[in-house]
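Work through the exercises below with the structure open beside you. Try each task before reading its solution.

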Amino acid sequence: MQKSRVVLSLLSLSAAALAQSADTGTAHKAAATALLNSNNAGAARLACPASIFRVPTSNPAGGGPPRATGAPGGGGGGRGAAGPPTIPPRDAWYAEGGQVFDNLYLLTTKTNSAWAVNTSAGIILIDTLYGYAAQDEIVDGLKKVGLDPANIKYIVVSHAHGDHDGSVKFLQDTYNPRIIMGPRDWELAAREANPPRRDMDATDGQKLTLGDTTITIYITPGHTASTLSVLVPVKDHGVPHLAMEWGGTALSGNTSREMLQSYISNAGRFLDIADGSGADVIIVNHTDYNDALARLERTKARKPGEPNPWVVGKPEVRNYLTVVQECAKSWLAIGDGRP
């Protein structure tokens, strides 16, 4: 274990040195690539440029808003040519969730994930999936693991894109939980066809306590204007750990220069916060980011005494946030004409 930590630390240092050697898109992508493994490879696919190219001056990078990883708004799916939401067939998105830690449950489709933090006084839900998945994945998913959806007391929404806030309105109307979202993302959500009622504005460093559990919320703009990232205390057979979720990951050539700079700054800040807090678990809101579905299956098949597949250690948490930061630096360099 000690040897593997030393190797990971050396890789992190090598990646940083590589990126600093030339502030170019190529160098920053190489720095991210040097750290890739099953804990972060999917995140890199959504955050890093697929190829390095010189951006034509007539069409500079950053010409538009951040691109969503799913269709925003409304609680439905994507939008068809005629405009109304389209709902894909169930077998295209349905996946079984399950228990990951003593107090943490994965509620997931094949592509998006929500998390239920079970406390002594009810449930904190982190993200809500698309609206079409609300009944099968959130409501029935909680019941399958022995939890009552009526005990959802808070919903923390990482950002107002439909694959994360799509079920908020339904859950708000059905169970009356408090909803926490970044202030600018409430404005984004208000443009949806059937928006949730505005409730609580998140604040940076906010401590949300429910019963015996306190999670910490940080405002980390970059993917959206007030994306939320969280630290969640968890236990594995009574042994404490700390889970980290970087709330918004995907970038594109349409991400503005201002948002890329914010993403880079906040990824570095959250890296320091997570590292200083001792985070050793990575949780994600897209299954591809850290091979979450396969990781869940390993968790279900885990035998007594075997390690929890979600406990990856502090160096891997640092590497995850370093990877997404280097991806953003790559996009920024490309946009500035430094491929």
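This is a predicted model: local features need pLDDT of at least 70, side-chain atom pairs count only at pLDDT 80 or more; totals for chains, interfaces and linings use all residues.

Residues are numbered from 1 along each chain as its sequence is written, and side-chain values use heavy atoms, with hydrogens and water left out.

**Exercise 1.** Find the cysteines joined by a disulfide, and state which parts of the chain they tie together.

Solution. 
- A disulfide is a pair of cysteine sulfur atoms within 2.5 Å. Cys-48 and Cys-327 are joined in this way, with 2.1 Å from S to S.
- Helices (H or I, at least four residues) and strands (E, at least two) are DSSP runs, numbered from the N terminus.
- The torsion about the S-S bond is about -90°, so the disulfide is left-handed.
- Cys-48 is buried, at 10% relative accessible area, and Cys-327 is buried at 0%. Buried means under 20% relative accessible area, exposed over 50%, and partly exposed in between (1.4 Å probe, protein chains only).

**Exercise 2.** Classify the aromatic pair of Trp-115 and Trp-310.

Solution. 
- Rings of Phe, Tyr and Trp (its six-membered ring) pair if their centres lie within 6.5 Å; planes under 30 degrees apart count as stacked, over 60 as edge-to-face and the rest as tilted. The count by this rule is seven aromatic pairs.
- For Trp-115 and Trp-310 the centres are 5.5 Å apart and the planes are at 90°, which is edge-to-face.
- Trp-115 is in strand 3 (residues 113–119) and Trp-310 in the loop between helix 10 (292–300) and helix 11 (314–335), 195 residues apart.
- Both Trp-115 and Trp-310 are buried.

**Exercise 3.** Describe the salt bridge between Arg-45 and Asp-288.

Solution. 
- A salt bridge is a side-chain nitrogen of Lys or Arg within 4 Å of a carboxyl oxygen of Asp or Glu. The structure has 16 salt bridges.
- The side chains of Arg-45 and Asp-288 meet at 2.8 Å, N to O.
- Arg-45 is exposed, at 55% relative accessibility, whereas Asp-288 is partly exposed, at 34%.
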